[in-house]
Amino acid sequence: MTSPLQQKIKITGPSMVTANRTSDGVVIYRTAKQGWSASLSDAAIVRTSDEARALLAEANADDVGAVGAYIAPVELKDGGEIKPGNLRERIRSKGLTIDLLPA
Amino acid sequence: MYAYDELDRTLINERVSEFRDQVKRRLSGELTEDEFKMLRLQNGVYLQLHAYMFRVAIPYGTLSSKQLRRLAHVARRYDRGYGHFTTRQNIQFNWIKLSELPDALAELAEVGIHAMQTSGNNMRNVTSDQWAGVAPGEVEDPRIWSEILRQHTTLHPEFSFLPRKFKIAITASEHDRAAIKVHDIGLRLHKNADGETGFEVLVGGGLGRTPFIAKTIKPYVAGRDILSYVEAILRVYNQYGRRDNIYKARIKILVHELGIEKFAREVEEEWKQMGHGALTLDHSVVEEVRSRFSYPPYEKLPHMPDELKQAAHDPLFERWRKNSVAPHKVQGYSIVTLSLKPVGGPPGDATADQMDAVADLADRYSFGEIRVGHEQNLALPHVAKRDLPQLWKALDRIGLATPNVNLVTDIIACPGLDYCSLANARSIPIAQELTRRFANHDTAEMIGRLHINISGCINACGHHHVGHIGILGVEKNGEEFYQITIGGRADENAQMGALIGPAVPYAEVADVIEDIVEAYLALRDRPEELFVDTVKRLGVEPFKERVYATR
């Protein structure tokens, strides 16, 4: 997966903006209320490249609260549930896929 | 152990104060991320998938028990109770909070540990043989020279903004455990015809996107001249190295594009112009550094103590001893490797409790000293043979007596997509599955020496090019695939592995590796023929046929 930092802003499906919280690095998602949430379910969803560009610009404007904002794909399930759109985002959202202790 | 002087301590403490102020200004918004990024990288702080990652320097892989205990404390207090030892003999913490980093750094500074130049386009941690100073037949302790280079290059303004990162490794033994041929500069200590100690200097090695084996630029440079010669190389690199393209910025590209002869002429010219000035190392300077390394007060001990004879009746002990215990230069002592590759565990990880326990064992059995090897294992370098049975029992209790050193489950792996923002694919779960497949120690011993190296992207932190079997994670249409190479090696006969065919999906990697190993067992001409030697003798084809015939 190409680093999101190298991606041009062109989306092909529903997307969100994600970053890491500056103070502790926690994964956060840009919300529709111009804030951040640690829950993907709170993420603002964009469907066009222009919307994505605007949401990213808004996110980048908060340089104190967040670091490394980028656009990432999501899957929208029936009922509106938001799922990560690729493995990288699944790992960021759900955590490590490995056992930390020998098993 | 090397004892830092007042200058070192002042430097480290000032650095902590400086970084504390920088973090404060970042958190208040006075510094933007663009302004802060280079500052944090110069202190070993990356931003990864889930959190900040903090890389702490362990110069030439040598730690005191006090330092290891402090690393355990940092893991427990500021992280999630574990750390990851890296292929540059460093340690990484994966969950550190930026707001707490200055406190963590301050606590590390109290025991002489820092994170300077563990990132950024500067001289990285100078690595060396993890058995330095204790290996039989060694020319001399290469850490003396590692330390001289460390002191000279730390915060050196001329080397703080190189075209790209720069890595040096030093060995002083015939068998290269420091992988010097895959470094920007590799230094091999040896004696010339007159019996004087100096260096063979190799340049332009490296892995990553464009792998190269280093070439010898000068067969012999006297010890007193090594600083000036290395600096001449760096000046040529600084002047001609490309800054316009990150993928072509390493010195290996410059050496390749100029050719080693022309590059050598440029270095020679620069070196001549420098003359025999301030960089020529006086004997007294070298001896001053040498004197700050302390060596244990070894006892006069028998080669084969009674304790060892009695323990030899225990087959489990004997299996571990034969696998993990190496000869020491002093009679009656051994070097003990502590495998950080338990079956099913993430390679190179150690819990805070394990670190504390190893520190205690080092105090009891190894004069308080621990080493970190680039293979992501630890070592106790000064263990009396009489103590081996007790040490083995203690290591077994804390899960660090897996008898798999240099065997198929002693896997080098980068953090991969579970942690790393650059990764394309996961490394650790591949390693974990392979350790389960080859968990039977009889099978692993029967297979013999076999190094599997795994990288989650082309940056090659897992050294996949030089694995006997190399596994490289790539991404295809959003799915994880893995390219497999065979025949690589990182020792004195270093070479890159050869690709065996198309990449295979995540779910098939372990099966493919099993196929390769089964092919080797069928093809080797005798049990002693190592995997790499069979590949060398027969080439890739028979392995390729075995893997792809049914796929």
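**Entry 1: α1 and α4 of chain B.** I looked up how α1(B) and α4(B) are oriented and found them roughly antiparallel to each other, a label given to angles over 145 degrees, where under 35 counts as roughly parallel, 65 to 115 as roughly perpendicular and the rest as oblique. The axes of α1 (residues 6–28) and α4 (residues 101–109) of chain B come within 9 Å and cross at roughly 175°; axes here are lines fitted to C-alpha atoms, for helices over the stretch in contact, with angles from 0 to 180 degrees between N-to-C directions. Helices (H or I, at least four residues) and strands (E, at least two) are DSSP runs, numbered from the N terminus.

I then listed the contact, which counts residues whose C-beta atoms, placed from the backbone, lie within 7 Å: from α1(B) it includes B:I12, B:V16 and B:F19, and these residues are part of a set that meets a group in α4(B) including B:L101 and B:L105. I noted nine nonpolar residues, one polar and one charged in this contact, with Ala, Val, Leu, Ile, Met, Phe, Trp, Tyr, Cys and Pro taken as nonpolar, Asp, Glu, Lys and Arg as charged, and the others, Gly among them, as polar.

**Entry 2: provenance.** I keep in mind that this is a predicted model, in which local features need pLDDT of at least 70 and side-chain atom pairs count only at pLDDT 80 or more, while totals for chains, interfaces and linings use all residues. Residues are numbered from 1 along each chain as its sequence is written, and chains are lettered from A and ligands numbered from 1 in the order in which they are written.

**Entry 3: a sheet in chain B.** I traced an open sheet of five strands of chain B in the order β3-β14-β15-β12-β11, with antiparallel pairing; two strands pair if DSSP finds at least two bridges between them. The edge strands, each pairing on one side only, are β3 (62–64) and β11 (325–327) of chain B, and the twist averages 30° from one strand to the next. Between β3(B) and β14 (residues 369–372) of chain B I found three bridges, with B:T62 opposite B:R371. Helix α3 (residues 65–78) of chain B lies across β3 and β14 of chain B, at about 85° to β3(B).

**Entry 4: the contact between chains.** I found 26 residues from chain A and 31 residues from chain B in the contact. On the chain A side, α2(A) gives the largest share, four residues.

Methods:
Contact = placed C-beta atoms within 7 Å.
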